Amino acid sequence: MIIVGNKNIPKILGCVDTFECQRCLNIVNWNLLSVEKYFTLFFIPIIPTGNEYYIICECCHHQEILNKKDFTNYKIKSEIEIAFLENRITNDEREIKIIEINKIIEQDKEQRRNKALEGSKEWIDLASKKSDKELLTIFYQERYKYNPSMIIAVKSEIEKRNLNEEYEH
């Protein structure tokens with residue numbers, strides 16, 4: 001009898017950023033995770049079948065899938081931090097490199113946000129018709145029930161109406 005299957009091998013590569021989690025709304029550290037997928041023969045990983053990349057909220061363990069480009073950028077950021085901790089670069093060198101990679105990461109995020117907004121004109125229209133209370137409820141209490149494009153539209157509408165100060169967590 002031949003036993004075949006699949007195995008995922010996760011590898012946490014360290015903390016790469018601190019920002020607000022979409023699920024728990026805490027501003028926390030995010031860890032970089034690479035998951036290597038293998039075809040197994042008799043439970044032994046034999047043939048790599050692909051990789052998946054994530055960043056994970058340290059508080060609630062919410063995961064966001066990364067594409068290869070984003071993973072590579074975050075991995076560079078992680079390697080900069082490791083080099084600093086191992087005294088291979090100075091703090092000044094670290095700060096310069098972190099600023100450079102953060103610019104690249106932010107540009108990529110901004111491009112994705114703009115693309116999502118372009119694709120969500122109907123969501124923007126729907127969000128604009130919601131009351132202030134409905135917007136705050138959707139964003140802070142029921143976000144898991146909605147399409148991510150709707151959440152982006154709701155957040156944009158909340159910012160446009162300056163409602164952030166009105167909501168008490």
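A residue is called buried when its relative accessible area is under 20%, exposed when that area is over 50%, and partly exposed in between (1.4 Å probe, protein chains only). The views below show a predicted model, in which local features need pLDDT of at least 70 and side-chain atom pairs count only at pLDDT 80 or more, while totals for chains, interfaces and linings use all residues. Residues are numbered from 1 along each chain as its sequence is written, and side-chain values use heavy atoms, with hydrogens and water left out.

**View A. Helix 2 and the residues buried along it.** Helices (H or I, at least four residues) and strands (E, at least two) are DSSP runs, numbered from the N terminus. Helix 2 covers residues 91–118, and its 28 residues reach 40 Å from the first C-alpha to the last, close to the 40 Å expected at 1.5 Å a residue; the expected span is 1.5 Å times one less than the number of residues. Arg94, Ile98, Ile101, Ile105, Asp108 and Lys109 are buried in helix 2, and the elements that cover the buried residues include strand 1 (4–20) and helix 1 (68–85). An α-helix has 3.6 residues a turn, so residues three or four places apart point the same way.

View B. Strand 3 (residues 44–57) pairs with strand 4 in the antiparallel sense over 4 bridges, and leucine 66 in strand 4 is the bridge partner of tyrosine 53.

**View C. Helix 5 and its crossing with helix 3.** The buried residues of helix 5 (residues 148–160) are Ser149, Met150, Ile151, Ala153, Val154, Glu157 and Ile158, and what covers them includes helix 3 (121–128) and helix 4 (132–140). The axes of helix 3 and helix 5 come within 8 Å and cross at roughly 50°, axes being lines fitted to C-alpha atoms, for helices over the stretch in contact, with angles running from 0 to 180 degrees between N-to-C directions. The contact, meaning heavy atoms within 4.5 Å, is made by Trp123, Ile124, Leu126, Ala127 and Ser128 of helix 3 and by Ser149, Met150, Ala153, Val154 and Glu157 of helix 5. Helix 5 is followed by asparagine 162, whose phi is positive, near 55°.

How values were computed. Two strands pair if DSSP finds at least two bridges between them.
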